[in-house]
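This briefing covers selected features of chain packing. Please look at the sequence and structure before reading on.

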Amino acid sequence: MAAPELLSDEGYRADGRRPAEIRKVRARMGVFEQADGSAYIEQGNTKALAVVYGPHEMRGSRGKALPERALVNCQFSMATFSTGERRRRPHGDRQAGELALLLRDTFEAAILTHLFPRSQIDIYVQILQADGGTFCAGVNAATLALMDAGIPMRDYVCASTAGLAEDAALADLSVPEEAAGGPVLALALLPAGGQLAQLQLSARLHQERLPRVLGAAGAACRALHAVLDRVVRQRLREVAALLGD
Amino acid sequence: MLRTEKVLQLRGQHGRSVRVVREHYLRPDVPCRSGLCPAACPRDGKLLSDDVTHYVVPDCKVVQDYLEILEFPELKGIIFMQTACQAVQHQKGRRQYNKLRNLVKDARHDCIVFANEFHQHSYLPREKGESMEKWQTRSIYNAAVWYYNHCLGQMPVVMVTEDEDAIGQYGNETEGVFVISFKNYLDNFWPDLKAAHELFDSILQARRERESESQENSGKEYPEHLPGEIVEAGIKSGRYIQGTLNVNKHRAQLEAFVRLQGFGSKETARNRAIHGDVVAVELLPVQEWKGRTVALCENETEDKAPADTTGDPMPTGKVVGIIQKNWRDYVVTFPSKEESQSQGRNAQKVLVTPWDYRIPKIRISTQQAEALQDYRVVVRIDSWESTSVYPNGHFVRVLGKIGDLEGEIAAILVENSICVAPFSEIQMSEMPVSSSKNPWKVNPEEEKKRLDLRDTHLIFSIDPKGCEDVDDALSVRSLPSGNLELGVHIADVTQFVAANSYTDVEARARATTYYLADRRYDMLPSVLSADICSLLSGLDRYAVSVSWELEKESYEVLRVCYNKTIIRSAYKLAYETAQGLLDGDTGAVDDIPELKNLDERTREKKLAELVWAISKLTEIARHIRAKRDSCGALELEGVEIRVQLDDQHNIHDLIPKQPLEVHETVAECMILANHWVAKKISENFPHQALLRQHPPPRQEFFTELRECASAKGFSIDTRSNKALAESLDKAYDPQDPIVNKLLRSMATHAMSNALYFSTGSCPEEEFHHYGLALEKYTHFTSPIRRYADIVVHRLLMAATLEETKGDIKENIFSNKDLEELCRHINNRNRAAQCAEKQSTELFQCMYFKDKTSETDERCIADGVIYSIRTNGVLVFVPRYGIKAAAYMKNKEGLVISCQGDRNCEWKPGSLHRFQDKITSTTTTGESVTLSLFDHITVKILVQTSRCHADTIKLEIIRNAPYQAPAAEVSQKNFHVVKSELVKAVSQSAEAAQRAQENARAEVMAEDYQKYCQSKGRSLYQLLEEIRELALLDVSADVRT
């Protein structure tokens, strides 16, 4: 059997998308009542849940409190049932820890932390189903949850992956595309200003090709921004209607 | 876009079944790619033409099994559904799938792929419990119906399937969409396409055979191949070695080599791998390693005597898996009647012998075996089961009678995968019109865009006499500042060959003009090559010019520019005339037609200008050459001799033995132009420029050269190209100039090939050209006969445009495409060289075939020994340019011995081989010693073979130089003899043909006129090509 190709000669990916098209996105804000903010997002078959608490006083070791800004505390975890084969993912696993750190870096760049000195913001991300771009789905869900919690931010943080098939850049990779072995670039973008909040590359990529992949990831982030913006405005209308009553 | 999901059951890593969910997006905007489409489908790319009577939709099975028939260009309007393509990809593997992809990409074939599974209305999800095959058939039918409705029923759609149920179920369901079997389809729609019917029958039969065989499943002849994952893992861990299998031409049954990082591994356990396959090899334990056989061997298939293995044992292994099969079309011969009777038992299956010794016999099932006995036939291999000694194949088409010139030439073309049909009408319709009544004229709009050099520059071309396709011209003039301006003007072929036009696609497929001994197959239609693109004197032509400003004293390059220009060549000089002018020979003036009919004074003035230009050019060229020499450029020797004929097959031009200085001047200017263009394009397109590299050779390949040279007392320093050039110059024996020639040719054989490559695929330090001693080199100067030059022209134009107008990168290949293209061109060049060599050998054999040494003086010639083997010597015959083996021990075990008058006889005795000589001692005590570079007299014989190409054999008849009364004369004119040879053979072939079939003779003669050489090539190109040929031709046979 010949190896499946990422991009057919007619310009379709294995799932019928064109190279620059992102997967279908569905999102909801405020899925839990008890938390300060929460959101749920589906990007294709990747499903992520994010919950935000705070800003609140430091819990646990007070010594960690920062005098001039808020501490962002993140946790990233994948459900044991998130993949095709059930696999136990204990809390302390290395990959999750790493992703949590990345998540923290990303949101420290976006949240106006200096407004809340000596306090703490908690972000919990749970992946319910994994089908490529789990970290990015987590970032997008966390953005919505932060918005839901009313925490001031510089801008939306939109994240998307991109990869390469031969010479064409593919946006928003699915699992089979990630598994094909090519470079995977994960980008978190502040769309209004175009600043990069996070950039991650999984394999060697020639300098010459970087702008192309980066461009594809950026475009995907902007497309996501449009969707997330619509979700937020929709939520705002709903909440406003509730308040009006 | 609609989003749906597909649920698949896949086998997981540990053999467990895993449920996998994949997204599947459907869309309304899948282009239908039909010319008739009434809706607003995007119309870019390839479209189905609308001048067909119906569209045909083959289903999965048909595409998988009968793709070869669908490849017929007569079958038009084919829609490959995505479902069918994917089935091919999954079930038939990469090779078959790539074939399908190339078919669809090829602009000449009227077929498209419709992505039915991504279209909102033509996609059908697979139902629960539905079998894969049923679903595929249903999807394809549904897509065919959609297609029919989409085109508003303007065009009936025929779905062909092998599934009887489907025919019954869907046959009458929709009006306008017909479902029939493939056989039925061919019978009804293409009753006249005989070749397709034959192919259909032969494929069908081969399939049935296979099925019945797999049921029998008798004892295994070969061990099974290891599964792909194990082989891959083994290669990674170093347990297996990956390499391309290279079968020894002279001992096809016994030896095959896999060349990897320099060492060869010999193996007899080839396990169904065929020459050219990429295989995984497992090494055997050291005690089973074998040495290389050094004895000469007659290539007879029944000769299976254990060869005496001498030499050091080398790594030996066995094939455990085939990574990539490299099967192509093979030319074969059916066994003669006597032989087939011995095979008789199974009348339908015939073992046929391929033309190429390296390919095993192929089993064919056919009923036409008797009828095809005397013909050369093309077959394809289908499979090779582990239960079968020979591979199974099927018959494809007939080439021609055995021994017939046309048939043999066709065999050579097929063996080298060269396809040269005449240019089609659609290609010719793209060509601009130019006839003697209505000559082609410069377009006034184009005139404004180009730099006009018609009045400012004295431009002239130097070519061989009678040359029609002039693709380069030169100019030189002094600038007001006192500096010089040197210009090289190359025909602007890309102006007429638009990227991706039909002509372009065809030229790309051909990649080069093919030159055989008596004819040639042009890359571009002759209206371009001989007329509109040819820089003839007195006519306005488009050109691409490279001009340099040179410092007046030192000739340093100060400035270079690249322009699209219009030029009018003032003179079309012959090499001899130009050399005459240079030498101050006044007689040469009469050979310049452009200077006739002028009054004395203007003539004098013009002549003075021309002479100044030529001598200035020569001076500049000497300078550049000296600079290159100091870097270590090599002067190499190609032993090949070329013949030029005009369209009546008469000798038309001979290559002079001593090249004139003008040749070098022109060649040097071209090298300079190529070099500067290479610099320019690699700067502007650092990752997608086409350059030509010549990697430095491996030192161990020079061992033979060094040993040979030391036999004559010369030492060759091979450490760098400069040292090699110098020591080769020194290795000159004043008594025997051939020694130097042979040493040079050995040096070239030791070198690796010069190759095209894309700059993005190779680190910059490997760009170097070893032979020319330049850091960057490309081919720019012959766009009429090389496709690489056309690509370089486009790159150069894009590079210059980019500077003036910003980013224009259309029609520039990406690195990946360019890499693929380079591989293709390199491959084609190699095929062109092989075909040329084989055709020359064919002519040599046909020439000597019916001559016997008793009656014909020409069969006896002087030879030089250039290599020693255990049972004979390899001899070079300078008079005919033949290299062949001469045995010192014959089949009865008799050895050669010499009498007092040095004539040789066969007598019982033994042979002893030393480093640089071989001694034969007879039982009576006489002994003869032959050493390297000895001159001997040989008789030229032809060893005929029914299934293979004939070969030349030599027999030593005197242990002394040949001294015929005419020896001197023939030595001098050996080119004449060679061309006579070709002429004689082709004339006799023509005569035979005429006698045979009077009716067809005229048609053939016409074809002859069309293909045979109608024009000479410029001599500098020839020289350049010889130089490069020499670099390229590292054929293994010399080292055996």
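This is a predicted model: local features need pLDDT of at least 70, side-chain atom pairs count only at pLDDT 80 or more; totals for chains, interfaces and linings use all residues.

Residues are numbered from 1 along each chain as its sequence is written, chains are lettered from A and ligands numbered from 1 in the order written, and side-chain values use heavy atoms, without hydrogens and water.

**Strands**
- Strand β4 (residues 78-81) of chain B runs parallel to β5(B), joined by 4 bridges; strands are DSSP E runs of at least two residues, helices H or I runs of at least four, numbered from the N terminus, and strands pair with at least two DSSP bridges.
- B:Ile78 has B:Cys111 as its bridge partner in β5(B).

**Nonpolar cores**
- The largest nonpolar core has 92 residues, and B:Trp548 is among those that touch the most other members; a core is a set of buried Ala, Val, Leu, Ile, Met, Phe, Trp, Tyr and Cys residues joined through side-chain atoms within 4.5 Å.
- A second, separate core of 89 residues includes B:Tyr55 and B:Met846.

**Helix α15**
- B:Val611 lies in helix α15 (residues 600-631) of chain B.
- B:Val611 counts as partly exposed because its relative accessibility is 27%.
- The C-alpha atoms of B:Val611 and B:Gly584 are 8.5 Å apart, with the two residues 27 residues apart along the chain.

Terms used
Buried means under 20% relative accessible area, exposed over 50%, partly exposed in between (1.4 Å probe, protein chains only).
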